[in-house]
Amino acid sequence: NAMFSWQRTAYHFQPQKNWMNDPDGPLFHKGWYHLFYQYNPDSAVWGNITWGHAVSKDLIHWLYLPFALVPDQWYDIGGVWTGSATILPDGKIIMLYTGDTYNSVQVQNLAYPANPSDPLLLDWVKYPNNPVLTPPSGIYPDEFRDPTTAWTGPPGTWRIMIGSTVNKAGVALVFQTTDFENYTLLDGYLHSVPGTGMWECVDFYPVATNGSVGLDNSEGGPGTKHVLKASLDDKKYDVYALGTYDPVANKWTPDNPEEDVGIGLRVDYGKYYASKTFFDPVQRRRILFGWINETDTQSDDLEKGWASVQTIPRTVLFDNKTGTNIVQWPVEEVKSLRLNGMVFEEVVVGPGEIVQLDVGSATQLDITAEFETEYLESNSTDDFSGCGAGAIDRSTYGPFGLLVIADQSLSELTPVYFRPSNTTNGTYFCADESRSSLAPDVTKAVYGGKVPVLDGENLSMRLLVDHSVVESFAQGGRTVITSRIYPTEAIYAAARLFLFNNATGITIKATLTVWQVNSAFIHPFPLDQIEKYSS
Ligand code: DQQ
């Protein structure tokens, strides 16, 4: 279907057609990165949930494989829902996933590769005695889902976490097992936060406080903290907090109770959900996948025949400069798609000005930009807070930044910008979709969050632009926003890039490098090649 074909992305992962949602069970095995994903084989709307499967050598170029898990048992006939992989020290792969049963009970099931020596992990076996876990007492049957990767408990044991809700509090339940077939629920909750509702897709992992490398799930102790992340079913966004894990007490305590899970930081302030990390043993890094849902109408999705995108995988590290947040950054491998970098040095943009950056077509870009500011007024207090009504909302020190997916006449544009203040309100990083599309029935939100800026730092951003998705990273990835936009004019060769400064009291000087980004190779694994690579 050629309808809306310009909205398909060129280097983000998407299936060839139909509906996709959460990333599932990412893992590295015998030279390949594996991604599984919630998929509807029959339609561009959610349903018949099956595990799609794709492999990659570099997390950027992907080859689709046959489905890994299909809903065909009483315990998953309602859908093979979200789950996670664990790789045991002997290399054995354990896959745990939620099954929606014939009568809508959420249970946890075990699956494993039929042939563990197959690098492509083509065939999966469901454990004959599934389900391995059913909702414990006090938990509603439809509020018990999305098991995490396991980490080690006392010698010989493993632990997993499952999210739920009790009296409107989000809760994290921890189960212990020796064989992944039988489990005991540990006393109490690892953590709970009142009023945050159902916690979907919980994730729990250690980060090194020196900010140097990613850690495997079972690492911990001195020099580490633990991230607890949840996807808020009520709000449809991903939240996290940093804290300390006490395995003996089965408790996790947030560093800052005022920024606890669900009332503090977001993983991404844009259209982003159901994210999941895994540990990459080859490069010793933790990698994050996240689902970018559509914000157009269901009938548009049906007409175009597809829905949803995955983000470019991001490395996750503890931010040892601020000590208060993680930093996310597109995996290094995305740089292999960069073509002819164009450098713009110290471009001056005065209050109220827009400057075009001549980069040719601006639909597939990787942009780094750093801003210096010169104050025109001294001692004036700008206590503007937040992203306001968008990029048209002027104050003394902001907004300023880039206009992406814009056409020459600016009938469509998406500003990605900083909004600093010189009070304790701090600096915000925002993306404004309100003029992103001339199409009527699409969400046009103003998204954003606070970004920590340390003394002496210039403001900087990195943007990945891909037709209808923009991933924006501020200050090295302290604050991230994913925009899902539906241009009708600013498409292909008609898309342009501009700098803008809508502050009233500063002049900005921007230094940028802008790369065109090649399309990634994302295709079915050639059937005649599967045999050669599989064993
Ligand atoms: N999607 C899955 C659930 C999960 C939800 C079903 C989050 O397992 O809770 O497709 O998007």
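**Reading a two-domain predicted model**

Modeller: The domain assignment of the protein chain gives domain 1 (19-330) and domain 2 (338-517), bounds that come from an automatic or database domain assignment. This is a predicted model, in which local features need pLDDT of at least 70 and side-chain atom pairs count only at pLDDT 80 or more, while totals for chains, interfaces and linings use all residues. Residues are numbered from 1 along each chain as its sequence is written.

Colleague: What pLDDT does the protein chain average?

Modeller: The term pLDDT is the predictor's confidence in each residue, from 0 to 100. Where pLDDT is low, the predicted coordinates should not be read in detail. Here the protein chain averages a pLDDT of 96, and 99% of the residues score at least 70; the model scores ipTM 0.99 and pTM 0.98.

Colleague: How many residues does each domain give to the contact?

Modeller: Two residues are in contact if their C-beta atoms, placed from the backbone, lie within 7 Å. The C-alpha centres of domain 1 and domain 2 lie 32 Å apart, and the contact takes 23 residues from domain 1 and 23 residues from domain 2. On the side of domain 1 that touches domain 2, strand β24 (residues 326-330) gives the most, with four residues. Helices (H or I, at least four residues) and strands (E, at least two) are DSSP runs, numbered from the N terminus. That side of domain 1 divides into eight nonpolar, eight polar and seven charged residues, where Ala, Val, Leu, Ile, Met, Phe, Trp, Tyr, Cys and Pro count as nonpolar, Asp, Glu, Lys and Arg as charged, and the others, Gly among them, as polar.

Colleague: How many helices and strands are there in the protein chain?

Modeller: The secondary structure comes to two helices and 37 strands. Among contacts with a separation of 6 or more, residues 24 or more positions apart account for 62%.

Colleague: Which residues are closest to the ligand?

Modeller: A residue is near a molecule if its C-beta atom, placed from the backbone, lies within 6 Å of it. The ligand is surrounded by 14 residues, of which the closest are Gln38, Trp81, Thr82, Glu200 and Ala274. Strands β1 (18-29), β5 (79-87), β14 (199-208) and β19 (273-280) each supply at least two residues of this shell, whose classes are five nonpolar, five polar and four charged.

Colleague: Is Asn340 buried or exposed?

Modeller: A residue is buried if 20 or more other C-beta atoms lie within 10 Å of its own, exposed if 12 or fewer, and partly exposed in between, with C-beta atoms placed from the backbone. Asn340 counts as exposed because it has 9 C-beta neighbours inside 10 Å. Asn340 lies in strand β25 (residues 338-349) and, not counting residues up to four places away in sequence, touches Trp515 and Gln516.

Colleague: What is the phi of Asn250, and where does Asn250 lie?

Modeller: The phi of Asn250 is near 55°, a positive value in a residue other than glycine, and Asn250 lies in the loop between β16 (237-246) and β17 (251-254). Asn250 is partly exposed, since 18 other C-beta atoms are within 10 Å. Gln475 also has a positive phi, of about 45°, although it is not a glycine, but Gln475 is buried, with 24 other C-beta atoms within 10 Å.
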